[in-house]
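Welcome! Have a look at the sequence and the model below, and then let us walk through some of the contacts together.

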2 protein chains.
Amino acid sequence: MREPTYFILLALHAEPLHGYAVASRAKELSDGRVELTAGTLYGALDRLVDEGQLVVDREEKVNGRKRRYYRITEAGEHATQAEALRLRQALEAAAATIGPLPKAATA
Amino acid sequence: MREPTYFILLALHAEPLHGYAVASRAKELSDGRVELTAGTLYGALDRLVDEGQLVVDREEKVNGRKRRYYRITEAGEHATQAEALRLRQALEAAAATIGPLPKAATA
DNA sequence: CCACCATAGTACGGTCGCCGATGTATAAGC
DNA sequence: GCTTATACATCGGCGACCGTACTATGGTGG
């Protein structure tokens with residue numbers, strides 16, 4: 001799993017969001033690092049629905065603009081956690097190899 | 001940076017290794033998760049040399065088989081650390097969102 | 001003795017996710 | 001009334017990864 005996909009799934013953990021809101025939340029969660037463009041965002045959402053990691057929760061119409069809300073499935077939650085574990089293992093490998101990392105700038 | 005590339009760089013942190021040895025070390029460091037196939041391995045090594053993250057250290061001939069040793073550059077070390085920091089941030093985002101992860105199986 | 005396997009590297013083609021770009025549509029702001 | 005922000009769709013291209021096949025050598029097993 002790549003980073004954009006990962007943050008999309010994380011963004012949807014708490015509650016269903018529509019596409020544009022997913023992008024905003026992903027940017028927040030990544031401290032501004034992950035800025036999802038339309039191509040990445042909607043492409044990934046479609047793919048994740050196909051894979052059963054997301055489902056379409058509902059569609060609304062707000063001020064003429066339609067909003068499609070996505071909800072994460074159990075499979076999606078599971079994949080997210082598996083990915084996080086993979087990241088942790090990769091991080092531990094770095095710590096064991098190159099030593100402790102510098103402190104992060106306090107968020 | 002993708003995971004295979006990351007573990008290739010980690011594998012070369014301590015000392016120069018030849019291609020095949022890089023693959024073995026990467027598998028070790030990843031607890032067996034990352035098994036580099038020939039296509040991925042040599043493609044990535046060439047690319048990393050092009051990018052200045054690795055240099056060819058020397059070439060030996062052992063039992064008729066040539067071995068090409070790669071050494072990581074400062075740029076490569078820097079990229080590795082930057083990647084590890086990125087991973088940590090992604091992991092922290094998960095912790096903040098879905099809560100603490102289960103304990104890893106003791107290595 | 002011959003097949004197989006591990007080592008070591010080269011080469012090629014395909015796939016998949018990401019990304020930029022473009023287009024549609026509406027409502028708000030200047 | 002033109003631009004900007006919101007919201008989504010689609011298309012094409014690229015790059016990293018990966019499978020596969022090939023060359024080559026030396027050790028192991030049937």
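Is B:Arg68 buried or partly exposed? With a relative accessible area of 35%, B:Arg68 is partly exposed. Please keep in mind that this is a predicted model.

## Salt bridges

The partner of B:Arg68 is B:Glu59: their side chains form a salt bridge, at 2.9 Å from N to O. Over all chains, the count of salt bridges comes to 21.

Another one in chain B joins B:Arg47 to B:Glu51, and here the closest N and O atoms are 4.0 Å apart. Both ends of this pair count as partly exposed, B:Arg47 at 35% relative accessibility and B:Glu51 at 43%.

## Bridging the two chains

A salt bridge also connects the side chains of A:Arg86 and B:Glu3, with 2.6 Å from N to O. This pair crosses between chains: A:Arg86 sits in helix H4 (residues 74–98) of chain A, and B:Glu3 in helix H1 (residues 3–11) of chain B. A:Arg86 counts as partly exposed because its relative accessibility is 21%, whereas B:Glu3, at 18%, counts as buried. The cut-off that parts them is 20%, under which a residue is called buried.

Salt bridges link A:Glu3, A:Arg33, B:Glu83 and B:Arg86.

## Helix H1 of chain B

How many of the nine residues of H1(B) are buried? Eight of them are, so this helix is largely enclosed by the rest of the structure. B:Glu3 is on the list of buried residues, together with B:Thr5, B:Tyr6, B:Phe7, B:Ile8, B:Leu9, B:Leu10 and B:Ala11.

## Helix packing across the chains

Two packed helices are described by the angle between their axes and the distance between the axes. For helix H1 (residues 3–11) of chain A and helix H4 (residues 74–98) of chain B, the angle is about 15° and the axes are 10 Å apart. That angle makes H1(A) roughly parallel to H4(B). Their crossing is left-handed.

Which residues of H1(A) meet H4(B)? They are A:Glu3, A:Tyr6, A:Phe7 and A:Leu10. On the side of H4(B), the contact involves B:Arg86, B:Gln89, B:Ala90, B:Leu91, B:Ala93, B:Ala94, B:Thr97 and B:Ile98. The residues of this contact divide into eight nonpolar, two polar and two charged. Two residues of this contact, A:Glu3 and B:Arg86, also belong to the salt-bridge network.

## Two loop residues of chain A

A:His13 is located in the loop between H1 and strand S1 (17–18) of chain A. Its relative accessibility is 28%, so A:His13 counts as partly exposed. Setting aside neighbours within four places in sequence, A:His13 is in contact with A:Ile72 and A:Glu77 as well as with B:Thr97 and B:Ile98 from chain B. A:His13 and A:Val49 are 36 residues apart along the chain, and their C-alpha atoms are separated by 15 Å.

A:Gln53 belongs to the loop between helix H3 (38–50) and strand S2 (54–62) of chain A. Is A:Gln53 buried or exposed? A:Gln53 is buried, because its relative accessible area is 14%. Residues up to four places away in sequence aside, A:Gln53 touches A:Leu9, A:Leu48, A:Arg71, A:Ile72, A:Thr73, A:Gly76 and A:Ala79.

Definitions and conventions:
Residues are numbered from 1 along each chain as its sequence is written. Chains are lettered from A and ligands numbered from 1 in the order in which they are written. This is a predicted model: local features need pLDDT of at least 70, side-chain atom pairs count only at pLDDT 80 or more; totals for chains, interfaces and linings use all residues. Side-chain values use heavy atoms; hydrogens and water are left out. Axes are lines fitted to C-alpha atoms, for helices over the stretch in contact, and angles run from 0 to 180 degrees between N-to-C directions. Helices (H or I, at least four residues) and strands (E, at least two) are DSSP runs, numbered from the N terminus. Angles under 35 degrees count as roughly parallel, over 145 as roughly antiparallel, 65 to 115 as roughly perpendicular and the rest as oblique. A crossing is left-handed if the near helix is turned anticlockwise from the far one by less than a right angle, and right-handed if clockwise. Contact means heavy atoms within 4.5 Å. Ala, Val, Leu, Ile, Met, Phe, Trp, Tyr, Cys and Pro count as nonpolar, Asp, Glu, Lys and Arg as charged, and the others, Gly among them, as polar. Buried means under 20% relative accessible area, exposed over 50%, partly exposed in between (1.4 Å probe, protein chains only).
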